[in-house]
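Entries follow in the order I checked them.

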Amino acid sequence: MAMRLKLFISILFMSFLSASVWADEEALRKAIQPHFQGHAIDSLKKTPLLGLYEVVVGDEVFYTDDKANYFFFGHMIDAKSRTSLTNERIQEIKSARRVPLESLPLQHAIKIVKGDGSRKLAVFTDPNCPYCKQLEKELLSINNVTIYTLLYPVLKGSMELSKKIWCSKDQIKAWDDFMLKAIAPSGKDCDTPLEALLKSGHENKVSGTPTLIFADGSIVGGMIPATTIEEKLESASRSK
């Protein structure tokens with residue numbers, strides 16, 4: 001009987017402690033949130049260092065005290081290894097992030113089917129982005145893929161250029177001609193989905209071009225070579 005009572009008290013104490021920690025973190029979350037109106041706090045957890053809490057908002061990682069009186073931006077460095085713990089965490093967050101392909105406005109994409117089109121890839125891209133042009137050259141050697149080109153005109157002069165590409169009689173030819181041959185598009189004015197594409201990019205935290213999204217929802221920001229694209233396409237196909 002004594003053993004059972006001791007065990008019950010131990011379980012009760014641990015439950016109380018757990019609830020207390022949860023309540024403290026909830027209070028801290030509520031104290032932080034007003035400083036980031038319109039942005040969700042994706043993660044909040046206590047670090048083993050100096051009583052600091054790690055806060056994740058989008059791709060931003062920063063630290064705060066237990067009352068949210070102070071915010072600390074910058075990198076936390078391991079003095080022994082001289083590595084940035086903050087950078088490691090940022091990369092971990094980015095690697096874990098997923099955007100379901102079907103959640104994107106694919107109906108507003110310039111759809112390019114190569115071979116059997118069995119593998120899927122969406123690309124947020126800007127016609128004035130030099131890295132996007134490099135990516136198009138890498139994509140030339142990729143076969144058996146459906147590429148959803150999502151115009152994302154975030155650079156200067158890109159909105160008008162994107163409109164002309166979208167309004168061309170042959171969108172795929174206009175896109176390839178400009179990106180691979182520097183031939184300016186001649187499309188006339190028409191209704192475009194560019195505002196919807198910009199909204200989707202912002203909602204999905206697309207911060208630069210090109211941004212590639214694969215069938216498994218994995219995201220790669222920046223230009224990558226054809227060999228890496230092939231690896232990612234195959235990996236995404238196997239995971240489905």
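Predicted model: local features only at pLDDT ≥ 70, side-chain atom pairs only at ≥ 80, totals over all residues.

Cys 129 has a relative accessibility of 3%, so I logged Cys 129 as buried. I looked up Cys 132 next. Its relative accessible area is 0%, so Cys 132 is buried too. The cut-off I applied to both is under 20% relative accessible area.

Next entry: disulfides. How many does a search of the whole structure find? I got one. The disulfide joins Cys 167 to Cys 190, with S to S at 1.9 Å. I read -90° about the S-S bond, and the link of Cys 167 and Cys 190 is left-handed. Where do the two partners lie? Cys 167 is in the loop between H4 and H5, and Cys 190 is in the loop between H5 and H6. The pair therefore ties together parts that are 23 residues apart in sequence.

I then checked how accessible each partner is. Cys 167 comes out at 16% relative accessibility and counts as buried. Cys 190 has a relative accessible area of 38%, so I noted Cys 190 as partly exposed.

Next entry: helix H4. I located H4 at residues 158-166. Its buried residues are Ser 158, Leu 161, Ser 162, Ile 165 and Trp 166.

The largest pocket holds about 340 Å³ of space. I found 19 residues lining the largest pocket. Which of them are the closest to its centre? They are Lys 94, Arg 97, Ile 219, Val 220 and Gly 221. Helix H2 (85-96) and strand S11 (219-221) each supply at least two residues of this lining. I sorted the lining by class and got four nonpolar, nine polar and six charged residues.

The second largest pocket has about 200 Å³ of space. I listed its lining as His 39, Ala 40, Asp 42, Val 57, Gly 58, Asp 59, Glu 60, Lys 205, Val 206 and Ser 207. By class, I logged three nonpolar, three polar and four charged residues in the lining of the second largest pocket.

Conventions. Residues numbered from 1 in each chain as written. Heavy atoms only, no water. Buried < 20%, exposed > 50% of the residue type's maximum accessible area, 1.4 Å probe, protein only. Helix = DSSP H or I, 4+ residues; strand = E, 2+ residues; numbered from the N terminus. 1 Å grid on protein atoms, 1.4 Å probe; cavity = no way out; pocket = protein on both sides within 12 Å on 5 of 7 lines; lining within 4 Å. Points joined across faces, edges and corners; volume = space filled by probe spheres on them. Nonpolar A, V, L, I, M, F, W, Y, C, P; charged D, E, K, R; others polar. Disulfide = S-S within 2.5 Å.
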